[in-house]
Amino acid sequence: MPVDPPESFQHRHIGPRAADLDDMLEVVRAPSLDALIEETIPEPNRLTAPLDLPPGETEAGYLERLRGLAAGNRPTRSYIGLGYYGCVTPSVILRNVLENPGWYTPYTPYQAEVAQGRLEALLNFQTMVEDLTGMEVANASLLDEATAAAEAMTMLHRIRARRPGSANRFVVSDRCLPQTIEVVRGRAAPLGLELVVGDTAAVELDESTFGVLIQYPDADGAVADPSAVVSRARQAGAYVAVATDLLALTLLTPPGEWGADVAVGSAQRFGVPLGYGGPHPAFFATRQAHARQIPGRLIGVSADAHGRTAYRMALQTREQHIRRERATSNICTAQALLANIAGFYAVYHGPDGISAVARRVHGLARRLARDLGGLGVSLRHACFFDTLRVAVGSAETRDRIRHAAEAEGINFRYAGETDVGIALDETTGPSDVEQIVSLFAAVLEAASERRNEPAPAVADWPDGLRRSSPFLAHPVFHRHQSETQMMRYLRRLERKDISLDRSMIPLGSCTMKLNAATEMRPVTWPEFGAVHPFAPPDQAPGYHAVFAELEAALRAITGLDAVSLQPNSGAQGELAGLMVIRAWRRAHGEHGRDVVLIPASAHGTNPASAAMAGMRVVIVACDEHGNVDVADLEAKATEHAERLNALMITYPSTHGVFEDRVREVSDIVHARGGQVYMDGANMNAQVGLTSPAVIGADVCHLNLHKTFAIPHGGGGPGMGPIAVAGHLAPYLPGHPVVATGGAAAIPPVAAAPWGSSSIILISHAYVRLLGREGVTAASRVAILNANYIKCRLEPYFDVLYARSNGRVAHELIFDLRPFRAAAGVTEHDVAKRLIDYGFHAPTVSFPVAGTLMVEPTESEARDELDRFCDAMIAIRSEIEAVIDGAADRSDNVLKNAPHTVEELIRADWEHPYTREQAAFPLPFVRRHKYWPPVSRINDALGDRNLLCACPPVDSYA
């Protein structure tokens, strides 16, 4: 590999120095890096030419160029609403959370002992949502409001199915947000659910109806009494879901108090920038009786080995890896980072501060309604929170208002033929209201009376709609309202966790690589952060230039013909890809092709997504080497040839191997009329070396939060765009508000036209900074680093799978099962003991129970790889001490790990090993010591006693 100049981004991104490469290649017994790649990737599957990408840009040059693109995004005041609002991100949260690698680089908190800070933050979010919605339990966020509504539909259908009688009909109010209606429509169709969209006051609700979805306040801003709909639904035996607005619920009676079963929505306006559509944290709340059916992550309260309060992800047995096609959802990534920001917004403002924001916004809306009424403009509804829909008399008048507004840099929503929608928000001030009134007055040629007195801030809604119940009563929402207090609280939580700013996170199948500062900087630039997703596209040319450049790069990298950036998680990418195949089938009259072949080694979201797409999953066996059993695949493809829809395959495999016969596998499927879907989870070993097209894929999704450097954020955000072959391009997902997608587009899979647009900037920067040679070098070094760890550790731990020549791809699996019988030591014991060495554990028991899967990525330097290997070798000697009888089988450093500082300073140390052995097992640990805030957590206790809100204050003592 050529030596890259020190000023290049490649030099900064890739960990091993040029001086290390020869030594590392000697350890892996390869004469060169080229030779290693040739030994790792089968020759027929390798690219024969460099990627068609431009050379890498310098960091300074890239930022200067992007500043120019950003300047093209027109600064406007958007009063469009429809679920997206301007807001103010408090600087203490912006700087200490959103722009802080201690918060944006951690992984999903599977290892709870090293994630107590962000788990507490997510519990704050859940408590906030429960309080404001009046519900008993809430999850730790979903992808967006529309997706949350679709998840509500499927959850209510599952619950209703437990009762006698068949109910297959879901009624959606036509006053719901248009993107929500279409996402729900797209989800209902493959499941065979009948979707009825209309006026819920007029639509019949009978025993065939399992649920109703309403919007409160609705898309036009109207606040209507929902009691009649709820009563009719109850009489029909149906459940009620409501899409709602958390800020409005500070003043409105919450759904839990008027009988709703589920409340969903977006917490975006609690301090999360617009970002042209995301990422934004959705919420999902329900009754306690349905807690075990909630999709996504659920944070619960448990206790550690010494009885101290501790937090963990509850009910993990619902995970896709375990239940696969029977999982409650395919949701894997959520929006943890953004949920934390929203939760911190509530912590910082407290109930009084949030209520003050709501009253101010509502007061301005009432003032606007009063002053527009004085111009002769009529309101479509008298009861509203922050959004008005006004009738201006004619289409010609409305068009003149539109032209005048756009000339002044104002965006309204235009509905029907004569109506204008105006949504106010936290950023709106009295001068904005005056500007709007003056604009209408000029167009209508009416005199506007300047009235400086504010309209009454107290809502004049019917008594039944006014909130009387308290919320955010827990002390956490009252203690941190000076900036000093808030700063210290954020830092205190941050220091409890292991993030990439502390040490390597060697999680297999997760690709915890560097999220470079230059890649992250543009995300919070106001030129990108303040753009409404439904603003006219010609107001956001900077965004669209970025989209075009990234789409071109992804086409080159995958070898496929078209790209959709809309899916906002990897699992949503899977679903989108399968739905595109489904649409193509139906367009060709092949409605009966519903069988999807999935290898037993696949990521659990694969079968979960296939089930959501209405497909029948047939599992294909793996052979003793972990490869797809080609004979079994051929037999099952032949058996189901008439109904074969697709194969879902991961390459390199989830077992960390570039399988030799993958092209033969694709040929078998294609010969029987199937399509090949490639899961892009392991794309970090492919870029520039092979491609989905080379192995025969027709469609793939790409995890931008893995290969393309979007940070994991402690459990989200993520992005899962799909790339497709030409015959599938017409079916790429569309959108009801902004034109996008193919000519025969499937319904949207996300609320925003381009998904989480603001973080697409990160992947764009990654590709443009590394360039043609850099992205390929990243793949090569990722493979080198994995093989280096393999060669260092295979004398101590069995490596489960490799190619016949002993090579692994970018990750590898260590088999710890022999130690259970020999020493009573499990993979969990090793994972917890690694915490004492300062490391986050590798992936535990996936894809094979009793194993650890390690992925070092290209960003880790040799000295960090060596520290990890030294820790694993030391742990192996600790296991050997148990086997030999030198250490007690039940009271040893592994079984008692991790060790907290409180344990170490106790006077009554009773363990047969020393404090030194517990806390400082190797010299480097003393220099970089991480002290876990809790000892090992009792998982079973947390599941048996499900508590998913902030615990009482005395439990913190």
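Helices here are DSSP runs of H or I, at least four residues long, numbered from the N terminus. Keep in mind that this is a predicted model.

**Stop 1: S355**

Select residues 336-373. This is helix α12, and S355 lies in it. Is S355 buried or exposed? Its relative accessible area is 10%, and the cut-off for buried is under 20%, so S355 counts as buried. Now show the neighbours of S355. Leaving out residues up to four places away in sequence, S355 touches T250 and F471.

**Stop 2: helices α19 and α20**

Select residues 570-587 for α19 and residues 605-612 for α20. The two helices pack at an angle of about 45°, and their axes are 9 Å apart.

Which residues make the contact? On α19, pick A571, E574, L575 and L578. On α20, pick T605, N606, S609, A610 and M612. Colour the contact residues by type: five are nonpolar, three are polar and one is charged.

**Stop 3: salt bridges**

Side chains of opposite charge can pair when their charged atoms come close. How many salt bridges does a search of the whole structure find? The search finds 56. Visit three of them in turn.

*R169 and E194.* Select both side chains. They meet in a salt bridge, at 3.9 Å from N to O. R169 is buried, at 11% relative accessible area. E194 is partly exposed, at 42%.

*R585 and E590.* Move on to this pair. The side chains of R585 and E590 form a salt bridge at 2.9 Å, N to O. R585 has a relative accessibility of 2% and counts as buried. E590 is partly exposed, with a relative accessible area of 27%.

*R867 and E864.* Select residues 862-884, which form helix α27. Both R867 and E864 lie in this helix. They are three residues apart, about one turn of the helix. The closest N and O atoms of their salt bridge are 2.6 Å apart. Which side of the burial cut-off does each residue fall on, with buried meaning under 20%? R867, at 22% relative accessibility, counts as partly exposed. E864, at 10%, counts as buried.

Next, select D23, R792, R862, D866 and D870. Salt bridges that share partners join these residues into one network.

**Stop 4: R803**

Finish at R803. Where is R803 found? It is in the loop between β23 (798-799) and β24 (812-815). R803 is buried, with a relative accessible area of 13%.

Conventions: Residues numbered from 1 in each chain as written. Predicted model: local features only at pLDDT ≥ 70, side-chain atom pairs only at ≥ 80, totals over all residues. Heavy atoms only, no water. Axes fitted to C-alpha atoms, helices over the stretch in contact; angles between N-to-C directions. Contact = heavy atoms within 4.5 Å. Nonpolar A, V, L, I, M, F, W, Y, C, P; charged D, E, K, R; others polar. Buried < 20%, exposed > 50% of the residue type's maximum accessible area, 1.4 Å probe, protein only. Salt bridge = Lys/Arg side-chain N within 4 Å of Asp/Glu carboxyl O.
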